[in-house]
Structures are given as C-alpha cells and as structure tokens.
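Here is a friendly note to read alongside the structure.

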Amino acid sequence: MRHSLKMGFSFGLTSGIITTLGLMVGLNSSTHLKSVVIGGILVIAIADALSDAMGIHMSEESENKHTPKEIWESTFATFFSKFVFALSFIIPILLFQLSTAVIINIIWGLSLLSIFSFYIGNGSWKVIAEHVALGIAVIIITHYIGNWISSLFG
C-alpha cells in the first residue's frame with residue numbers, strides 16, 4: 001500500500017474507532033437515548049471525518065515532501081476510513097437495545113483496533129496492548145464524564 005493511502009487509512013481508522021467509542025459511551029452514560037447516540041455518531045462520521053481529513057491534508061502539505069497527488073490521497077483515505085468506521089457503530093445500535101449495542105460496539109472497536117495494531121506492529125503484543133489500553137482509557141473516562149454530566153443536568 002502506498003504511504004499516502006496507508007497514512008490516511010491508519011489515521012482515519014484509529015481516530016474513527018477511538019473518537020466514536022468515546023462519544024458513544026459518553027452520550028449513552030449521560031442520556032441513555034438511542035436517538036442522541038445515533039445523532040452523535042452521524043456528526044462524528046461527517047464533521048470529524050472532514051476535520052481530520054483537513055488536518056492530515058495540512059500536515060502533509062507542511063512537510064513539503066509530498067506531491068499534490070499524495071496529499072490528496074491521504075486526505076481522501078482519512079475521510080473515507082473515518083467515515084466508514086464511525087458509521088459502522090450505528091449498525092448494532094439499530095439492531096439491539098442501546099445498552100447491548102454499546103457493549104457490542106466496544107468489543108467491535110477494540111477488536112478492530114487490535115487487528116490493525118497487530119498489522120502495523122508486526123504482531124507485537126506490546127503495540128497491541130498499548131493501543132487497546134488507550135482505547136479502554138477513553139471508554140472509561142468518557143463513561144464517567146457522561147455520568148457526571150447526567151448528575152449535573154439530569
């Protein structure tokens with residue numbers, strides 16, 4: 001895979017998983033409303049995917065070592081992968097009760113993160129553990145933030 005595509009895909013996938021898991025867990029903990037969680041995921045899939053794609057675009061441009069074609073490949077790969085991976089979290093929410101769907105999505109997200117970490121880390125368990133630990137930290141922190149917000153305004 002070309003560097004520009006690998007860069008965009010890896011950034012989009014990782015950001016799509018971590019950001020969507022955090023948002024979904026936090027919104028679920030604060031509202032327990034399926035419509036709010038779905039709305040949040042849709043916003044992440046569109047607005048944050050565009051924002052991340054623009055960030056990668058500007059980062060690649062600032063290095064002054066990539067062709068315009070490589071820069072645009074990274075941009076589109078970032079947007080597409082973040083958009084698709086973020087949207088994938090909606091499917092369980094549509095099919096199951098919200099509490100069940102959140103658990104399924106946590107397993108889905110951490111599994112994807114593990115598989116991708118295995119690929120980029122050449123099978124290193126240290127790399128996998130590091131990335132999964134970060135994902136779990138985001139899940140725990142956003143859960144408690146959601147509970148806190150609910151206690152303040154619920």
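1. Start with Glu-73, which forms a salt bridge with Arg-2; their closest N and O atoms are 2.4 Å apart. A salt bridge here means a side-chain nitrogen of Lys or Arg within 4 Å of a carboxyl oxygen of Asp or Glu. Glu-73 sits in helix 3 (residues 68–88) and Arg-2 in the segment before helix 1 (3–31), so the pair ties together parts that are 71 residues apart in sequence. Helices are DSSP runs (H or I, at least four residues), numbered from the N terminus.

2. A word on the source: this is a predicted model, in which local features need pLDDT of at least 70 and side-chain atom pairs count only at pLDDT 80 or more, while totals for chains, interfaces and linings use all residues. Residues are numbered from 1 along each chain as its sequence is written, and side-chain values use heavy atoms, leaving out hydrogens and water.

3. How covered are the two partners of point 1? Glu-73 counts as buried, at 13% relative accessibility, whereas Arg-2 counts as partly exposed, at 47%. Buried means under 20% relative accessible area, exposed means over 50%, and partly exposed lies in between (1.4 Å probe, protein chains only).

4. Next, look at Lys-82. The side chain of Lys-82 meets that of Asp-48 in a salt bridge of 2.2 Å, N to O. This pair links distant parts of the chain, with Asp-48 in helix 2 (residues 34–62) and Lys-82 in helix 3, 34 residues apart. Lys-82 is buried because its relative accessible area is 0%; Asp-48, with 22%, is partly exposed.

5. Which other residue meets Lys-82 in a salt bridge? Asp-52 does, at 2.8 Å from N to O. Asp-52 belongs to helix 2 and Lys-82 to helix 3, so this pair ties together parts that are 30 residues apart in sequence. Both Asp-52 and Lys-82 are buried.

6. Ile-141, Ile-145, Trp-148, Ile-149, Leu-152 and Phe-153 make a nonpolar patch of about 650 Å². Accessible areas come from the Shrake-Rupley method with a 1.4 Å probe, and for residues only the protein chains shown count as cover. Phe-153 is placed in helix 6 (residues 125–153) and is exposed, with a relative accessible area of 70%.

Technical notes:
Patch = residues over 30% accessible without salt bridge, like charges linked within 9 Å, V, L, I, M, F, W, Y side chains within 5 Å. Helix = DSSP H or I, 4+ residues; strand = E, 2+ residues; numbered from the N terminus.
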